[in-house]
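Here is a short briefing to read alongside the coordinates.

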4 protein chains.
Amino acid sequence: MLKPNTIGIGVVGYGYWGPNVVRNFSELEGAQVLAVCDMSPARQKAVSAKYPGVEVTGDFTRLLNNPAIAAICVATPVRTHFKLAKAALEAGKHVFVEKPITETAAEARELIELARQRGLVLMVDHTFVYTGAVRKIKELVTSGELGEIYYYDSVRVNLGLFQHDVDVLWDLAIHDLAIMEYVLGREPRAVSATGISHLPGKPENIAYLTIFFEGSLIGHVHVNWLSPLKIRSTLIGGSKKMVFYDDTQPSEKIKVYDKGASLSDTPESKHQLMVSYRTGDAWIPKLETTEALTVEARHFLDCIAGKASPLSGGEAGLRTVRILEAATQSMKQRGQPVELT
Amino acid sequence: MLKPNTIGIGVVGYGYWGPNVVRNFSELEGAQVLAVCDMSPARQKAVSAKYPGVEVTGDFTRLLNNPAIAAICVATPVRTHFKLAKAALEAGKHVFVEKPITETAAEARELIELARQRGLVLMVDHTFVYTGAVRKIKELVTSGELGEIYYYDSVRVNLGLFQHDVDVLWDLAIHDLAIMEYVLGREPRAVSATGISHLPGKPENIAYLTIFFEGSLIGHVHVNWLSPLKIRSTLIGGSKKMVFYDDTQPSEKIKVYDKGASLSDTPESKHQLMVSYRTGDAWIPKLETTEALTVEARHFLDCIAGKASPLSGGEAGLRTVRILEAATQSMKQRGQPVELT
Amino acid sequence: MLKPNTIGIGVVGYGYWGPNVVRNFSELEGAQVLAVCDMSPARQKAVSAKYPGVEVTGDFTRLLNNPAIAAICVATPVRTHFKLAKAALEAGKHVFVEKPITETAAEARELIELARQRGLVLMVDHTFVYTGAVRKIKELVTSGELGEIYYYDSVRVNLGLFQHDVDVLWDLAIHDLAIMEYVLGREPRAVSATGISHLPGKPENIAYLTIFFEGSLIGHVHVNWLSPLKIRSTLIGGSKKMVFYDDTQPSEKIKVYDKGASLSDTPESKHQLMVSYRTGDAWIPKLETTEALTVEARHFLDCIAGKASPLSGGEAGLRTVRILEAATQSMKQRGQPVELT
Amino acid sequence: MLKPNTIGIGVVGYGYWGPNVVRNFSELEGAQVLAVCDMSPARQKAVSAKYPGVEVTGDFTRLLNNPAIAAICVATPVRTHFKLAKAALEAGKHVFVEKPITETAAEARELIELARQRGLVLMVDHTFVYTGAVRKIKELVTSGELGEIYYYDSVRVNLGLFQHDVDVLWDLAIHDLAIMEYVLGREPRAVSATGISHLPGKPENIAYLTIFFEGSLIGHVHVNWLSPLKIRSTLIGGSKKMVFYDDTQPSEKIKVYDKGASLSDTPESKHQLMVSYRTGDAWIPKLETTEALTVEARHFLDCIAGKASPLSGGEAGLRTVRILEAATQSMKQRGQPVELT
């Protein structure tokens, strides 16, 4: 039974991430999880045990046909995103879909168009965008504190699960692309990617991706499922300040360096530019610690209520998928650049 | 006056690195620095003050014509390496030349051929090869302790001097290429490089370089003159063990991880490979701490005496220059792969 | 209803740590939590929601009088430990009590004697003793790998809760004392403690405790509720090897250093002993990662079954309380040593 | 020959630290090292080779009798400080003496009185006081930015030289006492120290020292010659902010935390004080990087010229020696507190 003044939520997929989605929307003022759909009996049982009042089903159409459900969260494997999200939109439901939004840019475009036509919210779960750390970086970029952005360099490696059907870019680099998309707000022009698989016939488990933006902004992502160390570190260089973001730290995740180099030719030195170094104080800003998915779920409700538009909407999802598509193509050709037109 | 049973050494170039070369050969049993050539009066004065017995000159031919000088160390800017090293070899002197050996592979080939014809030692100062850390890594690779090598990934970034005439690959990646060349002992097949300059018309100050080897071995180097942090870290993944090498640490530079993933398809799991993780002990080997240049200078004397052949000879220098040449070409085309034939 | 071949468990106290106790015994093969006692209605409700089959009560006598309950876990504030544990033992129940075992050594002795008379197990929850890290250290000490132990030095500081009724030694140092007691297995002879309170009339929030053992073994603990950093680090020096244990690390918690100093007079040097340094490899052992409380709960069942005797029994609890009592006395006198007879 | 407008310097002792003293005064505008006295022929030779124009002697009276020498630096073992410094003062020379100033407080008092009578500068080489890091901490304390200071806690341990004639407090803790003396500017009231020797009959190689100040300020120093790790870290807690100072870091030595706890009783919670935590930004101030001894030597000249009075004068030296004397006494009695009257 839907409580008054709440938005009824249906969730499809209760595997790795689904439980977090259900938990967050369950605890959120103004939302109520009415039904969870998963085909696995074990998972259905897990939902029932934890959420006695929630309908549990293996039949997705029950969510589509439930008029009390206004929004559907899609937390299934990526190959099913398009079909499920499309059906949800066609049934008039707002959609919150896991990243990457779809397997192809064409599919993402179709979902965006559908949502536009029906006036529905289409939001991708780019979770990192809602962390205190990334929001702080966005603030530093937007306010001009970093100056002109020169580069964005990210490393995301660990001894990780080898995926069967997607390569390491689609599995890990998607996080960095989502962050970069949000923080930089700039259109990429071309990509070059290289990588290798260490399991014959399987997707690449190490990859390097360069993203060219207009001007002299460059992005780079290094992802690896076969690293002895877990590294989650990002360097962002600006003309005024630079940021180091280390997501493995329990605290002090972000350091802002008042460091830089004024790059000017000096007439005296013909063969070397003495950069005029600037090394001032550094600063470790305090970060918001609310769980990112909580912030994001609340934002989704605000978007449905017309009070906000998605920070990670369909267009953001599309932009990351376009880069991944181009990267896959480039990687097959050992770094051959691929234009993003 | 040359002492008995010693090898007379001439050094050309007393700028950034030359003083270290002079100091090391001066303190070495079996060698004697007889003359130092540099055109700057200030530097000449510095030599005289510190080494009263050594001839100081601005005329390189005095070194060439001194019959007591058996070997010449070339510590000048790279654009002069070829000319000076060639003259030295033609004068019958053994040559110890700073890295990179020459500006082009063609020049390197000419020096190698000349040294071969004259029966002279031609050695490149790939200093890192002679550090305790890199020698330990070489030992781990050669002994098979790491198993089959999967990847070599290196990051070498800091707020550094912007060079006027060479890009960041020629300035910094040369170190990693020299190490990789020595440690892996494998022929690269192709490279893809990307990079950017933040000073219009000047060489790239950030670059990313992928090196493809035969089989599934991949190398990658990230270099940057505009980083707020100094990072010198290398990950080497093998089928049995993995190495993390952090050159910024005063001690504990190398950690050997008994970690890995047995990559086998599991019939139960259609869409995901559960890697069978192996995470055992890690190990921090004690490293030799003799100054690398001391080890290297001694090795150069041994090579002259016919007791060893250079660990970093002309061929090693050539291989690194070939990669840099190809990388420069690839970088101009935003990652377009370049074959090394 | 008690399942066959299981030990019925009652838990008193469902505040900070109680929920962990209930969860662990609930999930343990061979045990069944039959009843939880807490006086707070909110906590009672929390138990009911999570453990529908478990009796919830505010009346401790219901646990004492329940013949199906063979063992009682006391997870209440320390000032109630003695009374509750005593009642449980008198009712013929085995007892698992939070640390510190009691407020005074006299009380601890009474519980030990009672348990001995009734043939019941009395175990103190010295949780750290059951972690993979501490068990590994114990193994290194016991096997002689560290040689003769010279010192045990521990720092346990953070921005922590100021306790109202106990000082920082009773709150934090108890952990180190429990570890030291287990790892060293040596009788302390005397203590000296200093400390200060920064809240007038309240217990000390910073304290330093030296423990003298027989011979030249020394222990020291530094605890502080008012530190900007969280530090949990322990150095253990032996004549052969030394251990660094950093409990804040997610992995690599323990490093074993093959380092030391052979301390011998040298006749040449009258005013200085040149220690003959030994600095070999270091080693990062892999650690068991099973939750400590799970290991401990299983061990409690084994003790009840007569298959083991407690690693952290009443005597261990008594030894730590004796040190705390003496430390409190010494601290009041600004470090005046107090003998432990 | 003394240059015009310069102060003639004599240095006695050219062992471990003396070379740094000679180098710094040699390179200093306004000073000229005229003579160095050391009894070892090898060291005399080393001085001659490096400083051709400087008189080298084994006879200290030559320095005393040289009218061109206005100031004498005493860089000999501590047991000779008093005799040499006294002779220098009596000969009318200003004195710069290594730490600790003397072996006893009585001797220090005698030197202070002598310098006062003669109107000479008496300065102790408390080098750390002149580092960028310590000067920054002093500034933070003095400006009130940290609020009321609650504690000063320092750890200074490593695998170090075992001294023959002084214990680890006199060797290592002296650094912390000198810093504390300068930074806090507060009179200590009593000390309690504990320690142990691991070489029978030799001085203590591990020690713990608590210093009680008036009010609720407490100081603590932990020193150890037998640690596998080199640790140089200091925590300073204030009512407003807190400082972490890690001297082993090449950069980012100091972090200032806007963290604290407002300590107020809460009526609701009888048995626990909920501290109201404050955790704001942290800040890594840029530090001066001029070599400390250079800053200090310049300051010594300024003091001689009457333009400044010593930041580390005889009184500062006396205060540290008084603490060391009391600490030695306390340590012999296993922590028995000793008043500083």
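**Strands and chain contacts in a predicted model**

In chain C, strand β9 (residues 188-196) pairs with β10(C) in the antiparallel sense, over eight bridges. Please keep in mind that this is a predicted model.

**Around strand β10 of chain C**

- Strand β10 of chain C covers residues 206-213 and is mostly covered, with seven of its eight residues buried.
- β10(C) and β11(C) form a hairpin, with four residues between the two strands.
- Which residue in the turn has a positive phi? It is G215(C), with a phi of about 75 degrees.

**The parallel sheet of chain C**

- Six strands of chain C make up an open sheet with parallel pairing, and their order is β3-β2-β1-β4-β5-β6.
- The edges are held by β3 (55-57) and β6 (122-125) of chain C; each has a single partner strand, so one side of each is left without a neighbour in the sheet.
- On average, neighbouring strands of this sheet are turned by 25 degrees against each other, direction ignored.
- Inside the order, strand β1 (residues 7-12) and strand β4 (residues 69-74) of chain C pair in the parallel sense over five bridges.
- V12(C) stands opposite V74(C), which belongs to β4(C).
- Helix α4 (residues 81-90) of chain C lies across β1, β4 and β5 (94-98) of chain C, and runs at about 170 degrees to β5(C).

- Chain B and chain A are in contact, through 44 residues of chain B and 45 residues of chain A.
- On the side of chain B that touches chain A, the largest share, six residues, comes from strand β12 (residues 226-238) of chain B.
- That side of chain B divides into 26 nonpolar, 15 polar and three charged residues.
- Chain A and chain C do not touch, and their nearest C-alpha atoms are 9 Å apart.
- Chain B and chain D are likewise joined by no contact; their closest C-alpha atoms lie 9 Å apart.

Note on methods:
Residues are numbered from 1 along each chain as its sequence is written. Chains are lettered from A and ligands numbered from 1 in the order in which they are written. This is a predicted model: local features need pLDDT of at least 70, side-chain atom pairs count only at pLDDT 80 or more; totals for chains, interfaces and linings use all residues. Two residues are in contact if their C-beta atoms, placed from the backbone, lie within 7 Å. Ala, Val, Leu, Ile, Met, Phe, Trp, Tyr, Cys and Pro count as nonpolar, Asp, Glu, Lys and Arg as charged, and the others, Gly among them, as polar. Two strands pair if DSSP finds at least two bridges between them. Axes are lines fitted to C-alpha atoms, for helices over the stretch in contact, and angles run from 0 to 180 degrees between N-to-C directions. A residue is buried if 20 or more other C-beta atoms lie within 10 Å of its own, exposed if 12 or fewer, and partly exposed in between; C-beta atoms are placed from the backbone.
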